Amino acid sequence: MITLENVSKTYRTNNGVKSVLSNVSIKIPTDKNIAILGLNGSGKSTLLRMLGGIDYPTRGRIYSDKSFSWPMGLSGGFQGSMTGRHNVKFVCRIHGKDDTDIAKAINFVEDFSELGDYFDMPIKSYSSGMKSRLGFGLSLFFDFDYLLIDEALSVGDKNFQKKSRAALMNKIKSSHVILVSHSMPTLVDLCDVAIYLHDGHLTYFDNVEEAIEAYQAH
Amino acid sequence: MPVKSPISTHTNVINALFLREMQTRFGSQKLGYLWVFIDSIAQIVVLAGIKAILFDRSMPGVDFAVFLAIGILAFNMFKSIVFRSMDAFSANKGLFVYKQVKPIDALITRAMVEFLIYICALMSLLVIGLYFNFDVNIQNIMLFVGAYIWIAIFGLSLGITFAILAEFFENLKKVVKLIFLPLFFISGIFFSVESLPLALREWLLYNPVLHFMELIHGSYFSVLDTHYVDYQYMFFWTVIPLFTGLFLYQRTYKVILTS
């Protein structure tokens with residue numbers, strides 16, 4: 001169960017205060033893969049960051065007894081001055097993995113991400129696709145209850161997309177995803193329920209198709 | 001994934017950050033570790049040379065090269081801790097995407113790395129000094145070591161406060177770097193308080209770093225003492241920024257994480 005209790009989130013911008021969530025309360029049942037829908041700027045990524053514990057509601061609270069991955073997106077998620085290999089080591093270490101596991105993780109991620117020589121180059125030389133391949137590969141190595149994925153699946157060539165889709169399908173047998181995507185077929189394939197964000201409100205749908213209808217009707 | 005205790009998560013994070021900092025601090029240049037050393041030795045040689053040419057009035061019983069060495073290393077360490085903690089947040093932003101990693105961890109790790117580097121440099125210098133017959137008999141070794149640790153903590157507390165304020169006032173970093181230029185000349189690195197004219201003495205003793213230098217020199221040489229060291233003054237300069245910094249951190253870390 002993920003519970004949002006009277007959650008409001010506002011941002012200060014140069015054009016005044018912008019509200020992305022206003023007084024939202026919802027309980028999301030466990031054991032569901034969740035799609036998040038909404039226009040650009042409606043707060044999808046912010047919601048994901050708050051679930052991932054790296055952003056905080058302005059008011060209200062969010063709680064859950066489940067573990068969440070870091071939000072995987074196209075932008076960032078890595079320290080640019082470090083190489084792919086060093087980033088993998090770093091993430092393993094903060095999760096308390098020992099040297100054997102770190103070696104395994106490096107082999108796995110190096111193989112999965114297909115970065116070649118780039119694996120030993122600083123992340124700032126990566127394209128955004130390469131970053132998400134690295135991030136996605138790395139996240140597959142850990143056992144989170146929920147993977148938080150922000151548009152990170154639509155990268156790479158057809159082969160890589162197929163591979164990552166298959167890997168994710170395999171992964172969600174044992175864990176779940178919370179997925180932000182503008183690709184409706186992906187959402188329908190992977191997710192069981194949906195959240196639609198609009199004008200600071202949040203609507204929960206038991207089925208993804210209905211949410212897509214509501215989103216497209218808007 | 002089983003939930004880990006906060007303490008072990010914290011140790012894991014500090015450990016990971018430590019290895020990362022060591023890598024980025026020196027990874028790009030092979031001579032990196034040596035550079036800390038070369039940099040300080042160059043300063044010692046230049047200042048010792050100037051002193052030898054311009055002033056022949058030496059402090060009797062004081063090996064001036066050693067006097068300079070222990071002061072310059074302490075000052076460089078202090079400066080390095082302040083500067084590098086000040087940049088700790090911006091240099092680690094990419095890692096805050098992992099919820100285990102908090103900004104303060106990055107800052108404390110950086111200060112630790114600088115402390116260890118300079119302690120290694122100090123010990124190497126003392127060993128070299130021993131080989132070349134310089135005066136390496138430390139009069140009060142506990143006090144000497146304590147002074148080095150204390151000035152490191154002083155640097156950390158200033159670093160925390162500056163790092164947080166710099167999140168909101170971008171120019172602060174430039175101002176702090178500017179202040180450190182004259183600070184080098186008024187902090188007792190190449191003179192003792194005793195050797196100053198009375199009028200100047202009173203004013204320069206407002207500089208907390210001068211007290212630390214007096215403590216370091218006084219604890220090292222048997223002919224010098226720590227007569228001018230005001231421990232209470234040093235204590236306030238350490239504790240007030242530390243608590244201000246921690247208080248500000250508590251109030252603003254959410255902003256720092258998301259900015």
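How many positive and negative side chains does chain B have, and how far apart do the centres of the two sets lie? Chain B has 18 positive and 15 negative side chains, with the centres of the two sets 15 Å apart. Lys and Arg count as positive and Asp and Glu as negative, leaving out His and the chain ends. Each charge is placed at NZ of Lys, CZ of Arg, CG of Asp or CD of Glu.

The model is predicted; local features need pLDDT of at least 70, side-chain atom pairs count only at pLDDT 80 or more, and totals for chains, interfaces and linings use all residues. Residues are numbered from 1 along each chain as its sequence is written, chains are lettered from A and ligands numbered from 1 in the order in which they are written, and side-chain values use heavy atoms, without hydrogens and water.

Chain B contains 10 helices and 0 strands. Helices (H or I, at least four residues) and strands (E, at least two) are DSSP runs, numbered from the N terminus. The radius of gyration of chain B is 20 Å, close to the 18 Å that the globule rule gives for 259 residues, so chain B is as compact as a globular protein of that length. This radius is taken over C-alpha atoms, and the rule is 2.2 Å times the number of residues to the power 0.38. The C-alpha trace of chain B spans about 65 × 40 × 30 Å along its principal axes. Of its 259 residues, 48% count as buried. Buried means under 20% relative accessible area, exposed over 50%, and partly exposed in between (1.4 Å probe, protein chains only).

The whole structure holds 37 aromatic pairs over all chains. In one pair, the ring centres of Phe184(B) and Phe190(B) lie 6.4 Å apart with planes at 50°, so the pair is tilted. Rings of Phe, Tyr and Trp (its six-membered ring) pair if their centres lie within 6.5 Å; planes under 30 degrees apart are stacked, over 60 edge-to-face, and the rest tilted. Phe184(B) is buried at 14% relative accessible area. Phe190(B) is partly exposed at 22%.

Chain A has 7 helices and 8 strands. Buried residues make up 52% of its 218 residues. Its 24 positive and 24 negative side chains have set centres 5 Å apart. Asn87(A) lies in helix α2 (residues 84–94) of chain A. Asn87(A) counts as buried, at 0% relative accessibility. Leaving aside neighbours within four places in sequence, Asn87(A) is in contact (heavy atoms within 4.5 Å) with Phe78(A), Gln79(A), Met82(A), Ile123(A) and Leu95(B).
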